[in-house]
Amino acid sequence: MEQTLVLVKPDGVKKNLIGEVISRFERRGLKVSALKLVKITKEQAESHYAEHTDKPFFGELVDFITSGPVAAMVISGENAIKAVRGQMGATNPLDSVPGSIRGDFALTIGENIVHGSDSPESAAREVANFFKADELY
Ligand code: DAT
Ligand code: MG
């Protein structure tokens, strides 16, 4: 069993896609173990995207993820990290296949609807950045 942090980013919330995103994971057989709507602080965003600190797009990334509420959730199940990443689609929506979340609902890399952890190590760090242990079911 694995846990992964998923965010429906501000663009996904604005486009009313929270239910759509959750529904896709649930239909796959994955479980929602924690869920809340939050406006991320700048500090929390910088910590969430710590691996990208040196990238030229880091500032935009932090500005975007803090621009409105996000739906933060922990999704769990067997191989949840890889399963969620597959359903999300490629980072650049133009490379995402139709049928994936990004392939169905996004066109630009800066506004690609969802975040999902990319490894067990990032999942543990990212989940802890959003949820206390007693908020997980
Ligand atoms: P992912 O979200 O698929 O894990 P990532 O971790 O490499 O992708 O990057 C985090 C986010 O940063 C990504 O969802 C969108 C943005 N991003 C990535 N590469 C970018 C680029 N070259 N220009 C602008 N934004 C980018
Ligand atoms: Mg990533």
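## Thr53 in its loop

In this predicted model, Thr53 is located in the loop between α3 and α4, the latter formed by residues 58-65. Thr53 has a relative accessible area of 44% and is therefore classed as partly exposed, since the partly exposed class lies between the limit for buried, under 20%, and the limit for exposed, over 50%.

The side chain of Thr53 makes a contact with the backbone: the backbone oxygen of Ala50 is reached at 2.5 Å.

## Gln44 in helix α3

Gln44 belongs to helix α3, which comprises residues 42-48. Is Gln44 buried or exposed? Its relative accessibility is 19%, so Gln44 counts as buried, the cut-off for that class being under 20%.

The side chain of Gln44 also takes part in a polar contact with a backbone atom. One of its polar atoms lies 2.9 Å from the backbone oxygen of Asn129.

## Phe131 after helix α7

Phe131 is found in the segment after α7, a helix that spans residues 120-130. With a relative accessibility of 7%, Phe131 counts as buried.

Phe131 can also be considered together with Lys36. In sequence, Phe131 and Lys36 are 95 residues apart, while in space their C-alpha atoms are 9.3 Å apart.

Why is strand β3 described as largely enclosed by the rest of the structure? The reason is that 8 of the 8 residues of β3 are buried. Both of its faces are covered. On one side the buried residues are Val70, Ala72, Val74 and Ser76, and on the other they are Ala71, Met73, Ile75 and Gly77.

Strand β3, residues 70-77, pairs with β1 in the antiparallel sense over 7 bridges. Within this pairing, Gly77 of β3 has Glu2 opposite. Strand β2, residues 31-38, is joined to β3 by 7 bridges, and these two strands also run antiparallel. Here Met73 of β3 has Leu35 opposite.

## Strand β1 and its pairing with β4

Strand β1 covers residues 2-8 and is mostly covered, with 5 of its 7 residues buried. Besides its pairing with β3, β1 pairs with strand β4, residues 114-116, in the antiparallel sense over 3 bridges. In this second pairing, Val8 stands opposite Val114 of β4.

Which residues are around ligand 1? They are Lys9, Tyr49, His52, Phe57, Leu61, Arg85, Thr91, Arg102, Ile109 and Asn112. The space that ligand 1 takes is the largest pocket.

Several of these residues place polar side-chain atoms beside oxygen atoms of the ligand. For Arg85, an N or O atom of the side chain is 2.7 Å from an oxygen atom of ligand 1. For Arg102, the distance between a polar side-chain atom and an oxygen atom of ligand 1 is 3.1 Å. For Asn112, the corresponding distance from a polar side-chain atom to an oxygen atom of ligand 1 is 2.9 Å. Ligand 1 taken alone exposes 520 Å², and 75% of that is buried by the protein.

Key
Residues are numbered from 1 along each chain as its sequence is written. Chains are lettered from A and ligands numbered from 1 in the order in which they are written. This is a predicted model: local features need pLDDT of at least 70, side-chain atom pairs count only at pLDDT 80 or more; totals for chains, interfaces and linings use all residues. Side-chain values use heavy atoms; hydrogens and water are left out. Buried means under 20% relative accessible area, exposed over 50%, partly exposed in between (1.4 Å probe, protein chains only). Helices (H or I, at least four residues) and strands (E, at least two) are DSSP runs, numbered from the N terminus. Two strands pair if DSSP finds at least two bridges between them. A residue is near a molecule or strand if one of its heavy atoms lies within 4 Å of it. A polar contact is a pair of N or O atoms within 3.5 Å; within protein, one must be able to donate a hydrogen and the other to accept it, and residues adjacent in sequence count only if both atoms are side-chain atoms. Accessible areas come from the Shrake-Rupley method with a 1.4 Å probe; for residues, only the protein chains shown count as cover. On a 1 Å grid over the protein atoms alone, a cavity is a set of points where a 1.4 Å probe fits but cannot get out, and a pocket is an open set with protein on both sides within 12 Å along at least five of seven lines; lining residues have an atom within 4 Å of a point. A molecule sits in a cavity or pocket if more than half of its atoms lie within 2 Å of its grid points.
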